[in-house]
Amino acid sequence: MAFQPFELEQWQSEWEHTVEYNLADSSVRCAPVREVLGPEAVDRLLDQVLFYPQVNGTEALRARIAGLYADAAADQVLVTAGASEANQILCQALLSPGDEVVVMEPGYRQIWGIARNLGCTVKSFPLRPEEGWRPDLDALQAAVGPRTRMIAIVNPNNPTGSILTAEEAARITAIAAKTGAWLHVDEVYRGTERLAEEETPSFWGGPNSSTHYERTVVVGSLSKAYGLAGLRVGWLVGPKELVEAAWRRHEYVVIATAGPSMLLAELALEPATRARLLARQRELSRRGWEGLERWIGAHADLVSAVPPAATALGFVRYHLDLPSVAVADAIRRRASVLVAPGLHLGAEHHLRITHGYEHAPVALDRIATVLRELKAG
C-alpha cells in the first residue's frame, strides 16, 4: 500500500522558511512567553525540574482542560503533543484495515490521510460554497453505512471558517448514533469566532445536550485560538476506555508532552489569562479579515470569498482556470509569499490565506500582482 503523504504539511514544511512572507499558516501572530507568564509565575517556570513529566498530562492541566467541557472529568482527558498527535493516536486506537471513514470537505486532511494509510476506505461529504459553506447532510447520510467506523468533522472549519448550527450539529450526531460510528470532532478553532463573543458550543455536550453521544471524542489545542502554537500542546476528550487506549499509543509515539510546555499550558488556561489570550487572537483575526475583505473587493475580477464566521483564514477562490498547486507555486516563486493550495484541503481553485499577521497587506499586494500576471497569460 502506497504511503499517503500529508500534502498540506509537506507543502508548508518544505517552503515556509524559504519565503519572505508566510500566509500559509493557520493561526495568528503567536504570543511570546511573557504574555502567558505573570510575574508570580516566572519562578514556577524557572524552578521546573526537567525530569520526565506525568505521561498522560499533569493533573492540574487535565483539570483545566476538563473544565472547558460540560461534565468532563480529568480522567477523560489525554494531553498530547499538539492536536496532530491526538488525531494520529485516536485513529490508531479506533481504525482497522477495511473500515470506512467519512470526512467533511473541504477540511484539514490529516484524518483523511491517516485513515488511508491505515488501509481504510475514505468517503467525504461536502460543504457547499454556494450556500455559504453549509454542510450537505443528505450527502453525509448517504455516505454512512454499516461499515462506517468514524465520521470526522472540523468545527469551526479549517479552511472555510464556517460554524455548524445547533440543528446541523444535532443531525450529524444523530447520523453517527444511528450506525454506532465514532464521531470525531476537531475543535481547535473554538474561540476564534469573528461574529460573536460566545465560543462555539462543543460537541462534547452534557447529558441534556442535543449532541450528547457516548461515542463522541473531541480534540483541541492551544495553537489556534490561543496563539501558542510553539508549545505543541493539544488534547483529546473522550470516554475513559478510549482515553486509556489512546494513552497506550501516546507512550509509543512521544512518551509524554514536554513538562515546561504543560506548565505554560496550565498557566495559559487560568481563566483570566485564557480570556486575555482569546481576546488578543480575536482582535488580530477580526482586523486581519477587514484587510483581506478590502483586498478582495479591490481585486474582484481576480478573487472572491465567503466571509468566515471564525478563524484567521480566508478561503479565497481565484478566477483563473489553473490548478491551485500551480497558482500557489507561482506566488511562492514570483512573490516570495507562501499560501496553501486548495487541493491540499479538498477544494480546487481556492487558496487558503492567513490574515492574522501585520505583514499580510504587503503580501496580499504581491499575490494580486502574480494573479494578474497569470490572468494575462
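Helix 1, residues 7-15, and helix 4, residues 82-94, each supply at least two residues of the lining of the largest pocket. Please bear in mind that we are looking at a predicted model. Helix 1 provides the largest share of that lining, with 4 residues.

The largest pocket itself has a volume of about 480 Å³. Its lining comprises 25 residues, and those closest to the centre are Glu 9, Ser 26, Tyr 108, Lys 224 and Arg 232.

I turn now to the second largest pocket. Its volume is about 280 Å³. Here 17 residues form the lining, and Arg 287, Gly 288, Gly 291, Ala 360 and Pro 361 lie nearest the centre. Two elements give two or more residues each to this lining, namely helix 10, which spans 271-298, and helix 12, which spans 360-376. Which of the elements gives the most to the lining of the second largest pocket? That is helix 10, with 8 residues. The lining of the second largest pocket divides into 7 nonpolar, 5 polar and 5 charged residues.

Let me move on to the aromatic residues. The structure holds 3 aromatic pairs, and I shall discuss one of them, formed by Trp 133 and Phe 315. A pair of aromatic rings is described by the distance of the centres and the angle of the planes. For Trp 133 and Phe 315, the centres are 5.7 Å apart and the planes make an angle of 50°, a tilted arrangement.

Where do the two partners lie in the chain? Trp 133 sits in the loop between strand 4 (121-128) and strand 5 (134-135), whereas Phe 315 belongs to strand 11, residues 313-318. The pair therefore ties together parts that are 182 residues apart in sequence.

Are these two residues buried or exposed? Trp 133 has a relative accessibility of 4% and therefore counts as buried, the cut-off for buried being under 20%. Phe 315, at 3% relative accessibility, counts as buried on that criterion too.

Arg 109 lies over the face of Trp 112, at 3.9 Å from the ring centre. Arg 332 lies over the face of Trp 15, at 3.6 Å from the ring centre.

Notes:
Residues are numbered from 1 along each chain as its sequence is written. This is a predicted model: local features need pLDDT of at least 70, side-chain atom pairs count only at pLDDT 80 or more; totals for chains, interfaces and linings use all residues. Side-chain values use heavy atoms; hydrogens and water are left out. On a 1 Å grid over the protein atoms alone, a cavity is a set of points where a 1.4 Å probe fits but cannot get out, and a pocket is an open set with protein on both sides within 12 Å along at least five of seven lines; lining residues have an atom within 4 Å of a point. Grid points are joined across faces, edges and corners, and a volume is the space filled by probe spheres set on the points. Ala, Val, Leu, Ile, Met, Phe, Trp, Tyr, Cys and Pro count as nonpolar, Asp, Glu, Lys and Arg as charged, and the others, Gly among them, as polar. Rings of Phe, Tyr and Trp (its six-membered ring) pair if their centres lie within 6.5 Å; planes under 30 degrees apart count as stacked, over 60 as edge-to-face and the rest as tilted. Buried means under 20% relative accessible area, exposed over 50%, partly exposed in between (1.4 Å probe, protein chains only). A charge sits over a ring if NZ of Lys or CZ of Arg is within 6 Å of the ring centre and within 35 degrees of the ring normal.
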